[in-house]
Structure formats: structure tokens, C-alpha cells
Amino acid sequence: MRSAAAGAAAVTASGVQPAIMELMDAASLTAVHALLGLEQVTPGRAQLTVQTDGAAADAEAEAIAVTLAAAGGTVRLAADDAEAELLWRIRRSMHPAMETLGTTLIEDVSVPRSALPAMFDEIARVEREHGVRIPTVCHAGDGNLHPNFVFSGTEVPPEIWAAADDLFRAALRLGGTLTGEHGVGVLKRRWLRDELGDDQWELQRQITRVFDPAGILNPGKVFDR
């Protein structure tokens, strides 16, 4: 997974801008192949799926292939539209495949694209130290990761929140953010101050008081009085 993440970062550093660049780790890829009845995945294999478009699509695809091969990847161009569609079907089947593993807390963190390899190292560490499974997919073109914390039951247990806390703080240490797409919301508000810092935290509270001096707009939703 680290090699695939490094390859994705190398594509970004090369200046080529693919239309889509999606990264699936071994756990998510294995689950999807099982769901779709595809051949078994080689243990440890990750998959980086890239699509180019526009007038320079062919040249960009070739340049990306060279970059990924230099990063140690096994590179294959889709033979036809049917094979390309299968690749995207595999990626789109990630969340249905997670449902076969148990209940999932689907999370969303982002890091600088150059830090993707280090972030996947952190995910592996969190899995190891907390004894949890975290199949992860990533919009590798913008450094946005979706770790899926797998557990049993309907309520998120404390050990999953402890693992999530560790992972969120790892993303922040790498210069990232708590969320790239989904927003902070109610579930992540407890970590917002860690990301913003004391000064920004207080500034946002002051802005809230300007527009809501009586504290009647969603009271207590994010900020207590």
C-alpha cells in the first residue's frame, strides 16, 4: 500500500493531472473481489486506478504508466471499454463490500498528497495497536482518504472511537485535516479545536456570538455558550 501511495504522489509531483486517481488497499480490494465473484487478490496487493481525459489523454496515460512503473508498480492499460468499466465497478463496489464485513464507521480525512505514504503507515499502525480493521480507499489525486472502521453491532464501541481518535490526530500531525469532503458535523466536533488551535477556535465562537447573540440557532450543536 505504501508503494502504491508513493506512486500516486509521484504522479502528482510529475505535473500530469489525471481526471480520476483512486487507490484501494488490500483489505478493501479483497472484499470487493469476493463480493463480485472475481479472482482472489494476491495478499498485500493494492490497486491504483487512473483515468485521463481530453486531447492529451493517451500521452498522459503513457506518462503516468512510466511514473508508476518507476515507483515499482505493475502497470496495465485497460484493453477496452469493458475492462475499464470493470475497474470502476470494482471501485464503486467498495461500500457494498464493506457491509459484508460488519458494521462500518466510514470516515474521511485528508493529508497533503506527498504525505499519503506516511498516512497509510499510520493507518497500519492504528490497526495494529488498537486491534481493529480499517479497510481504506483514497481519492489519491487530492489526498482524501476514507478509512472504514469495521465492528460488530449497531453502536460504535469505545475501542473504535479510540482508534479513530488516534487516526485523526495522525492526519493532523501530517499537516492534514479532519475532513476533506464530509464536514466536521456532530461526530467530529470533539476534535475541531485540535485542528483549529485555540485562537481560531475562539474566533469562530466570537463570530457565532455576532450572528446569534441569544444562542437560539442550533444551541449546543457545535459550541456551548
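Asn218 sits in the segment after H8. Helices here are DSSP runs of H or I with at least four residues, strands are runs of E with at least two, and both are numbered from the N terminus. The model is predicted, so local features need pLDDT of at least 70 and side-chain atom pairs count only at pLDDT 80 or more, while totals for chains, interfaces and linings use all residues. Residues are numbered from 1 along each chain as its sequence is written, and side-chain values use heavy atoms, with hydrogens and water left out.

Asn218 is not a glycine, yet its phi is positive, at about 50 degrees. The residue is exposed, with a relative accessible area of 55%. Exposed means over 50% relative accessible area, buried means under 20%, and partly exposed lies in between (1.4 Å probe, protein chains only).

A pocket is found on a 1 Å grid over the protein atoms alone: it is an open set of points where a 1.4 Å probe fits, with protein on both sides within 12 Å along at least five of seven lines, and lining residues have an atom within 4 Å of a point. Volume here is the space filled by probe spheres set on the points, with grid points joined across faces, edges and corners. Ala, Val, Leu, Ile, Met, Phe, Trp, Tyr, Cys and Pro count as nonpolar, Asp, Glu, Lys and Arg as charged, and the others, Gly among them, as polar.

Now turn to the largest pocket. Its space comes to about 1200 Å³. The lining has 38 residues, and Leu48, Thr49, Val75, Arg76 and Leu87 lie nearest the centre. Two or more lining residues come from each of helix H1 (2-14), strand E2 (47-51), helix H3 (57-70) and helix H4 (81-92). By class, the lining of the largest pocket holds 20 nonpolar, ten polar and eight charged residues.

A salt bridge is a side-chain nitrogen of Lys or Arg within 4 Å of a carboxyl oxygen of Asp or Glu. Arg76 is exposed, at 66% relative accessibility. The whole structure holds 13 salt bridges.

Another of the salt bridges joins Lys188 and Glu107 (2.9 Å, N to O). Lys188 lies in the loop between H7 and H8 and Glu107 in the loop between strand E3 (103-106) and strand E4 (109-110), so the pair ties together parts that are 81 residues apart in sequence. Lys188 is buried, at 3% relative accessibility. Glu107 is buried too, at 5%.

Strand E4 also contains Val109. Val109 is buried, at 1% relative accessibility. Its C-alpha atom is 17 Å from that of Met1, 108 residues away along the chain.

Back to the charged pairs. Asp198 and Arg193 form a salt bridge (3.0 Å, N to O). Asp198 is exposed, at 52% relative accessibility, whereas Arg193 is partly exposed, at 40%. Elsewhere, salt bridges that share partners join Glu122, Arg125, Glu129, Asp166 and Arg173 into one network.

The aromatic rings come last. Rings of Phe, Tyr and Trp (its six-membered ring) pair if their centres lie within 6.5 Å; planes under 30 degrees apart count as stacked, over 60 as edge-to-face and the rest as tilted. The count is two aromatic pairs. Trp161 and Trp191 form a tilted pair, 6.0 Å centre to centre with 35 degrees between the planes. Trp161 is in helix H7 (residues 158-173) and Trp191 in helix H8 (residues 189-211), 30 residues apart. Trp161 is buried at 16% relative accessibility, and Trp191 is buried at 2%.

Phe168 and Trp191 make an edge-to-face pair, 4.7 Å centre to centre with 80 degrees between the planes. Phe168 lies in helix H7 and Trp191 in helix H8, so this pair ties together parts that are 23 residues apart in sequence. Both Phe168 and Trp191 are buried.

Arg190 lies over the face of Trp161, at 4.7 Å from the ring centre. A charge sits over a ring if NZ of Lys or CZ of Arg is within 6 Å of the ring centre and within 35 degrees of the ring normal.
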